[in-house]
Amino acid sequence: MEQPIYTTRAHVFQIDPSTKKNWVPASKQAVTVSYFYDSTRNSYRIISVDGSKVIINSTITPNMTFTKTSQKFGQWADSRANTVFGLGFASEQQLTKFAEKFQEVKDAAKLAKDKSQEKGDTLSNHSQESGRETPSANQAQSFNGTDDEKISFSPEAAQLKSENERLKSVVEQSNTTAKKYETELQTLKESNARLVDSLQESSANVESWKKELTACQEESNTLRKKIAELESECNEANQEKQKNAQLTVRVKELEAELQEKEQELENLRRQAEIIPQLMGECESITAKLKAAESQNKELEGRLEGLQMDINDSRQKQGNMKGELKKFMDILDGKLDELHEFRQGLSKLGVDN
């Protein structure tokens, strides 16, 4: 009966049978990978199941080797399955623990194989010894017959009797050992038959695995196409996200502008509340303006009258200036005449 002895989780890969280089994913996600021990067959296997599909069924043999190819990836070759399995772990610690368990199971498988070989050799040796001891037993039985009765009173008869007893015990032990080895041989034959059945089953599974591998490859190609489509859709989604981000920024700007407009509207509402007061003030100002206009017209009329008076005054002043100039000219002439008169009087006084 098989029992799990160690379990972990990893991404499972198989080598591409056509190129022998590229890895082909055997699982869409991380799956459970377990070591199983079969106490009946004394064998170890690595088994992994993805849903209802068996993706790893590898029997550990002493000549297998688990190789770490990176910090989180390891692989081993299975000649019976004619493939190479690869495991991708989430951490380096998980990979190290799996590798240590692989070496431990490998050593245990080697020890079980060595013990099996030792049992086979021992069984062969005991079979040969049983063949050699059988004549002695027949000889001992001859001493138990009438010959023993004939010489029962001689000293040699006692020695032969004791020797006979010893040979009987040896024969019984040999028979017991032979039965034991026959049982073990039968068990080995049954195990061998089961191994043959398993080998036939594995051979039959190889074809189904090949078909499944082909189906997996086709599915992988389909998934790759879907991935390419999803990547293109993802790019479109990223562009949409960028547009949405730009629209979000624009919406925020518009919200800010809306808040400013609302603030302006609130200010206008507040101003609208004082419009009646302003209208009253405006009417009073209009009345005052009309009164001022009427006063202005009166003042303009007065100003025109004053301007006419000023013009008349200027004209009169000009006339007065002309008359004053004439008077000054006449006065100058008179003064000149008076001066000549004085000079004449002076001359007359001198002459007198």
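Q: Which element gives the largest share of the lining of the second largest pocket?
A: This is a predicted model, and in it α3 supplies the largest share of that lining, with eight residues.

Q: How much space lies in that second largest pocket?
A: The second largest pocket holds about 440 Å³ of space.

Q: Which residues lie nearest its centre?
A: Gln-14, Thr-83, Trp-209, Lys-210 and Leu-213 lie nearest the centre, out of 24 residues that line the second largest pocket.

Q: And which elements supply at least two residues of the lining each?
A: They are β1 (2–15), β2 (23–25), β5 (53–59), β8 (83–88) and α3 (155–273).

Q: What does the lining look like by class?
A: The lining of the second largest pocket has 14 nonpolar residues, six polar and four charged.

Q: Let us turn to β8. Is it mostly covered or exposed?
A: Strand β8 is mostly covered, since five of its six residues are buried.

Q: Which way do β1 and β8 pair, and over how many bridges?
A: The two strands are antiparallel and pair over four bridges.

Q: How many bridges join β7 to β8?
A: Six bridges join β7 to β8, and these strands run antiparallel. Within β8, Thr-83 stands opposite Asp-78.

Q: What about the hairpin of β7 and β8: how many residues are between the strands?
A: There are four residues between the strands, and Asn-82 in this hairpin takes a positive phi near 55°. Asn-82 is a residue other than glycine. With a relative accessibility of 55%, Asn-82 counts as exposed.

Q: Where is Lys-20, and what is its phi?
A: Lys-20 is in the loop between β1 and β2. Its phi is near 60°, again a positive value in a residue other than glycine. Lys-20 has a relative accessible area of 48%, so it is partly exposed.

Q: New topic: why is β3 largely enclosed by the rest of the structure?
A: Strand β3 (residues 31–38) is largely enclosed because six of its eight residues are buried.

Q: How many bridges join β1 to β3?
A: Eight bridges join β1 to β3, and the strands run antiparallel. Here Arg-9 stands opposite Thr-32 in β3.

Q: And how many join β3 to β4?
A: Strand β4 (residues 43–50) is joined to β3 by six bridges, also in the antiparallel sense. Ser-34 stands opposite Ile-47 in β4. The hairpin of β3 and β4 has four residues between the strands, and Asn-42 takes a positive phi near 55° there.

Q: Finally, the aromatic rings. How many aromatic pairs are counted?
A: The count comes to 12 aromatic pairs. In one of them, the rings of Phe-66 and Trp-76 have their centres 6.1 Å apart and their planes at 35°, so this pair is tilted. Phe-66 is in the loop between β5 and β6 (67–68) and Trp-76 is in strand β7, 10 residues apart. Both Phe-66 and Trp-76 are buried.

Q: How does Trp-76 pair with Phe-102?
A: Trp-76 and Phe-102 form a tilted pair, at 6.0 Å centre to centre with 50° between the planes. Trp-76 lies in strand β7 and Phe-102 in helix α1 (residues 92–143), so the pair ties together parts that are 26 residues apart in sequence. Phe-102 is buried, as is Trp-76.

Q: Which residues form the aromatic cluster?
A: Tyr-6, Tyr-35, Phe-66, Trp-76, Phe-85, Phe-89, Phe-98 and Phe-102 form one aromatic cluster.

Note on methods
Residues are numbered from 1 along each chain as its sequence is written. This is a predicted model: local features need pLDDT of at least 70, side-chain atom pairs count only at pLDDT 80 or more; totals for chains, interfaces and linings use all residues. Side-chain values use heavy atoms; hydrogens and water are left out. On a 1 Å grid over the protein atoms alone, a cavity is a set of points where a 1.4 Å probe fits but cannot get out, and a pocket is an open set with protein on both sides within 12 Å along at least five of seven lines; lining residues have an atom within 4 Å of a point. Grid points are joined across faces, edges and corners, and a volume is the space filled by probe spheres set on the points. Ala, Val, Leu, Ile, Met, Phe, Trp, Tyr, Cys and Pro count as nonpolar, Asp, Glu, Lys and Arg as charged, and the others, Gly among them, as polar. Buried means under 20% relative accessible area, exposed over 50%, partly exposed in between (1.4 Å probe, protein chains only). Two strands pair if DSSP finds at least two bridges between them. Rings of Phe, Tyr and Trp (its six-membered ring) pair if their centres lie within 6.5 Å; planes under 30 degrees apart count as stacked, over 60 as edge-to-face and the rest as tilted.
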